[in-house]
Each structure stands twice: as structure tokens, then as C-alpha cells.
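I opened the model today to look up a few residues. My notes follow in the order I made them.

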Amino acid sequence: MMFRLLVSAVICLYCLSQAEETSEIVEITNNQALNTGDSVEVSCSARNPEGYSIMWQKVHPDRPGVGPIFISVGSLKLIPDSRILLRNTHNRSITTQKLQISNIQRSDAGIYKCVISFNTNNPISKEVKLDVYSPPLIHDNSSSTIVVKESIPVSIAAGSTPAPLTWRKREDKAILPTEGTVYRGNVLKINSVKEEYGGTYLCTADNGVGEAAKRRITLKVEVLPNVQ
């Protein structure tokens, strides 16, 4: 009996070593640059997986303390996200696992690993990176109308996400208090307000994705009375 168990163990170890030697990931989709709302399909092809399932995992390189998210094992999806679909194809010794994601969101960005795990110490893996870009959004961190007394300093501010360069100009294309008709930066500072600085300022954020975001901020200047 002990001899049979020993033989079985040797055979299992031999089969495992053979699988590790002959199996390999032969192809994976190249890195992808996507806009929010896009759809994407990434695929991973393995030769001779020898009965071991192909797994998809997602990792966050900017969050080293957080472990991988297990997306699928073989044809079994492990996360309840209706945007994600799996497709498997077989062609002779090649098995291909395809991961489809529709309506891409910024939270989908990250590294997706294709893994064949024969044991916990010696997995085979390759990875594809998904970068996701979204149109800019201007935050309402400044009132649409600013009232300030003459000669008082003021800052006209508007942040944006993602953080592209922001341009501001008077809608009548008048010269800005900072000189010139265009200013680059998130905060337009005026050290001493003058009456002619009043008017509408146009903030534009553009990162090349979708349409530029725009916001108008009106500066009203209270003129000090002349003291004779």
C-alpha cells in the first residue's frame, strides 16, 4: 500500500514538472490607452496549459500594500460586474482566454495579469496595462461671481480633474491683469484690483480627450469714492 502511494506521488510530481516545462504563455495583448466609455478586449494565449486554468488578476502598481483582485479562473467570473465578459477558445495546443470590458471607467485602469498557477511558488504570468483617460472636469471651488473692492488683492481659482493646464482670458480678449490675453495656471492672482479689471473671465481646461471644459467667472469691482 505504501509503495503504491509512493509511486502515485512520484507520478504526480513528474506530471507537474512536465506541465511546468511544456506550458507557456505565448501571447498577450499589448498595452492599451483608452478613453472613458470605450470598450476593450484583452486576450492571453497559452500553450499546453495541461488542465490548469488561465486566471485573470488586476493589480494596482501605485498601491503596493493592496493584493491583486481576482477577476476570473478559467470561464468562471469571480466579480459581479456585468461590464466584464469572458470568452475561451481552443486551437490544438493553444488555449486563449479573452477578457472583455465595456463602458470603461477610470477605476478600470491598472495592470491585468494573465496567470497559470501550477503551484503557489512557481506561477507563469504575463501582463497588460490599461491606461484610461477622461475628459476634464472643472470643479466649482470658486463662486461664479466675485465682488471685491478696488485696490484689494483677489484670486480667481478653478481646479480640474484630470489636471491639465488651464487657460483664462477675458471674453472680450482684453489684456489680463497678469499682462497678455492668456494665462496658464489654476489660480489667477491679482495683487491690486482696478476698476478696468472687472468683467467676465473664461476658464478652459483641455487634455485632448473629448470636449474642453469651460467655466465663466465674473469679477465685479466696487470702486472707492473719490475723497476731495
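I took a polar contact as a pair of N or O atoms within 3.5 Å; within protein, one must be able to donate a hydrogen and the other to accept it, and residues adjacent in sequence count only if both atoms are side-chain atoms. This is a predicted model, where local features need pLDDT of at least 70, side-chain atom pairs count only at pLDDT 80 or more, and totals for chains, interfaces and linings use all residues. Residues are numbered from 1 along each chain as its sequence is written, and side-chain values use heavy atoms, with hydrogens and water left out.

**Entry: Lys58**

I looked up Lys58 and found the residue in strand E4 (residues 55-59). Strands (E, at least two residues) and helices (H or I, at least four) are DSSP runs, numbered from the N terminus. What does the side chain of Lys58 reach at 2.6 Å? It reaches the backbone oxygen of Ser107. Lys58 is buried yet has no salt bridge. I used buried for under 20% relative accessible area, exposed for over 50% and partly exposed for in between (1.4 Å probe, protein chains only). A salt bridge needs a side-chain nitrogen of Lys or Arg within 4 Å of a carboxyl oxygen of Asp or Glu. For charge, Lys and Arg count as positive, Asp and Glu as negative; His and the chain ends are not counted. I also listed contacts (heavy atoms within 4.5 Å). Leaving aside neighbours within four places in sequence, Lys58 touches several residues, among them Pro68, Ile71, Asp108 and Tyr112.

**Entry: strand E5**

I moved on to Ser72 in strand E5. Ser72 counts as buried because its relative accessible area is 0%. Beyond four places in sequence, its contacts include Trp56, Leu78 and Leu86. Phe70 also lies in E5, which covers residues 69-73. Phe70 is at 41% relative accessibility, so I put it down as partly exposed. With Leu76 and Leu78, Phe70 forms a nonpolar patch on the surface, about 280 Å² of accessible area together. Patches are made of residues with over 30% relative accessible area and no salt bridge; like charges are joined within 9 Å, nonpolar side chains (Val, Leu, Ile, Met, Phe, Trp, Tyr) within 5 Å.

**Entry: Ser93**

I found Ser93 in the loop between strand E7 (84-91) and strand E8 (94-101). Ser93 and Ser23 are 70 residues apart in sequence, yet 9.6 Å apart in space, C-alpha to C-alpha.

**Entry: whole chain**

I noted one helix and 19 strands. Buried residues make up 34% of the 228 residues.

Note on methods: Accessible areas come from the Shrake-Rupley method with a 1.4 Å probe; for residues, only the protein chains shown count as cover.
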